[in-house]
Amino acid sequence: MMKIKEGFIVKEIAGKNVVVTTGDEALNFNMIMHLNDSAKLLFEKLKQGSSEEELVELLMDHYDVGLEVATRDVKGFIQVLIDKNII
């Protein structure tokens, strides 16, 4: 089970989905991260806590993509979040 750390939220700013920080995380996160619609969907699901398999299913349910594409996209997105210390 993976989960977005406390203090990270998505806001719509000028028509773009942007990850912003609140509280103490704002001191450590010095970048802007834009999310497309599918990344926002995954981010919001990860706020609640989710497994990689659940995220893959979510993408396949919302978009016309197969297992291979959904799995690749989820793995890539998770790796970005890990690299940025968001999960």
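1. L58 sits in helix α2, which spans residues 52-62; helices here are DSSP runs of H or I with at least four residues, strands are runs of E with at least two, and both are numbered from the N terminus. The model is a predicted one, in which local features need pLDDT of at least 70 and side-chain atom pairs count only at pLDDT 80 or more, while totals for chains, interfaces and linings use all residues. Residues are numbered from 1 along each chain as its sequence is written, and side-chain values use heavy atoms, with hydrogens and water left out.

2. With a relative accessible area of 15%, L58 is buried (buried means under 20%, exposed over 50% and partly exposed in between, using a 1.4 Å probe and protein chains only). Not counting residues up to four places away in sequence, L58 touches L41, L42 and K45, where contact means heavy atoms within 4.5 Å. The C-alpha atoms of L58 and S38 are separated by 9.5 Å, although these residues are 20 apart along the chain.

3. S50 lies in the loop between α1 and α2 and is buried, its relative accessible area being 0%. The side chain of S50 makes a polar contact of 3.1 Å with that of E54 (a pair of N or O atoms within 3.5 Å; within protein, one must be able to donate a hydrogen and the other to accept it, and residues adjacent in sequence count only if both atoms are side-chain atoms). Leaving aside neighbours within four places in sequence, S50 is also in contact with M1, M2, K45 and L55.

4. The largest nonpolar core has 21 residues, of which L35, F43, F77 and L81 touch the most other members; such a core is a set of buried Ala, Val, Leu, Ile, Met, Phe, Trp, Tyr and Cys residues joined through side-chain atoms within 4.5 Å. At least two residues of this core come from each of β1 (8-13), β3 (33-35), α1 (37-48), α2 and α3 (67-83), and the largest share, 5 residues, is from α3.

5. Which residues of α3 are buried? They are A70, V74, F77, I78 and L81, and they lie on the same side of α3 because they cover an arc of only 100 degrees around the axis, the arc being that of the directions from the helix axis to the C-beta atoms. On the other side of α3, E68, R72 and D83 are exposed. The cover over the buried residues of α3 includes β3, α1 and α2.
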